[in-house]
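My notes follow in the order I looked things up.

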Amino acid sequence: MEQSYIDNFKRSLGKYVPASAVEPLFDFLAQHRVHLHITRERFSKLGDYRWPQHQHRYHEISVNGNLNCYHFLQVMLHEMGHLNTFLQYGTAVQPHGHEWQAAYARLLVQYRNCFPAELHPLLTAYTQRIPLSRTLEKELDAQLHHYDEDYNPATDITLNNLMPGTRFHVAARPERHFEALEKRRTRWICLCCEDGKKYLVSGTAQVVVDP
């Protein structure tokens, strides 16, 4: 791998993650020959992982490029946890089972100092026990949004803050309106008021409650 390519890749990565995370993330991606895709905002998910298959021979991780650097790093670690779990267990375990939770927790501990100091107590509490606490997971997710450039504590609401039956629209897509039906892990089943179809929307999506 040419040094110029390495330098350019690290500079690009540094636009999305804290500076202290660039070197260890690059080492991980290079070691496992990961193809990293930085995508536009997706309302159904923040990132994903695909293991090597016939049609794509490499590990692939994608992360939404609109996330703040700490949230981007957290999603990266989430997907890296999937990769590590696949390397150890293949497809024999549940996607978010205890094996993945343990792998993800180890990565959060490893990268803890790349996050702001005020998040360290929460990260420590979150990673101390398996299964991971859903309550602390929601708290961590909410705290990560505080570092968004346009964060306003008086008005910023995520889908996870709503009750089932609430009608809303995604802040970045005001032309489409939904009704929150049921939460499934990290995403919600939502009914689109315009076309009557059901969609999966990330629970961390910034939303506006309809009057």
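Which residues in α4 meet which residues in α5? I found Y104, A105, L108 and V109 in α4 meeting L123, Y126 and T127 in α5. Contact here means heavy atoms within 4.5 Å.

Before going on, I noted the ground rules. This is a predicted model, where local features need pLDDT of at least 70, side-chain atom pairs count only at pLDDT 80 or more, and totals for chains, interfaces and linings use all residues. Residues are numbered from 1 along each chain as its sequence is written, and side-chain values use heavy atoms, with hydrogens and water left out.

**Entry: α4 and α5**

For the classes, Ala, Val, Leu, Ile, Met, Phe, Trp, Tyr, Cys and Pro count as nonpolar, Asp, Glu, Lys and Arg as charged, and the others, Gly among them, as polar. I then looked up the geometry, since two packed helices are described by the angle between their axes and the distance between the axes. Helix α4 covers residues 98-110 and helix α5 residues 120-127; their axes lie 10 Å apart at an angle of about 155 degrees. Axes are lines fitted to C-alpha atoms, for helices over the stretch in contact, and the angles run from 0 to 180 degrees between N-to-C directions. α4 and α5 are therefore roughly antiparallel to each other. The cut-offs are under 35 degrees for roughly parallel, over 145 for roughly antiparallel, 65 to 115 for roughly perpendicular, and oblique for the rest. I logged the crossing of α4 past α5 as left-handed. That label applies if the near helix is turned anticlockwise from the far one by less than a right angle, and right-handed if clockwise.

**Entry: α1 and α2**

α1 passes α2 in a right-handed crossing. On the α1 side I listed I6, F9, K10 and L13, which meet V22, E23, L25, F26 and L29 in α2. This contact has seven nonpolar residues, no polar and two charged.

**Entry: α3 and α6**

Helix α3 (residues 69-89) packs with helix α6 (residues 134-145) at about 145 degrees, axes 8 Å apart. The crossing of α3 past α6 is left-handed. Here Y70, H71 and Q74 in α3 meet D141, L144 and H145 in α6. I count these by class as two nonpolar, three polar and one charged.

T85 counts as buried at 5% relative accessibility; buried means under 20% relative accessible area, exposed over 50%, and partly exposed in between (1.4 Å probe, protein chains only). Leaving out residues up to four places away in sequence, T85 touches G90, V93, E99, W100 and A103.

L46 sits in the loop between β1 (34-39) and β2 (47-50). L46 also counts as buried, at 18%. With the sequence neighbours up to four places away left out, L46 touches S62, V63, N64, L67, H71, V75, S202 and T204.

The peptide bond from I130 to P131 is cis, with omega near 5 degrees. P131 lies in the loop between α5 and α6, and I placed Q128 in the loop between α5 and α6 as well. Q128 counts as exposed at 61% relative accessibility.

R33 has a positive phi of about 55 degrees although it is not a glycine. I found R33 in the loop between α2 and β1, exposed at 53%.

**Entry: whole chain**

I counted six helices and nine strands in the protein chain. Helices (H or I, at least four residues) and strands (E, at least two) are DSSP runs, numbered from the N terminus. The C-alpha trace spans about 55 × 40 × 40 Å along its principal axes. Of the 211 residues, 40% count as buried.
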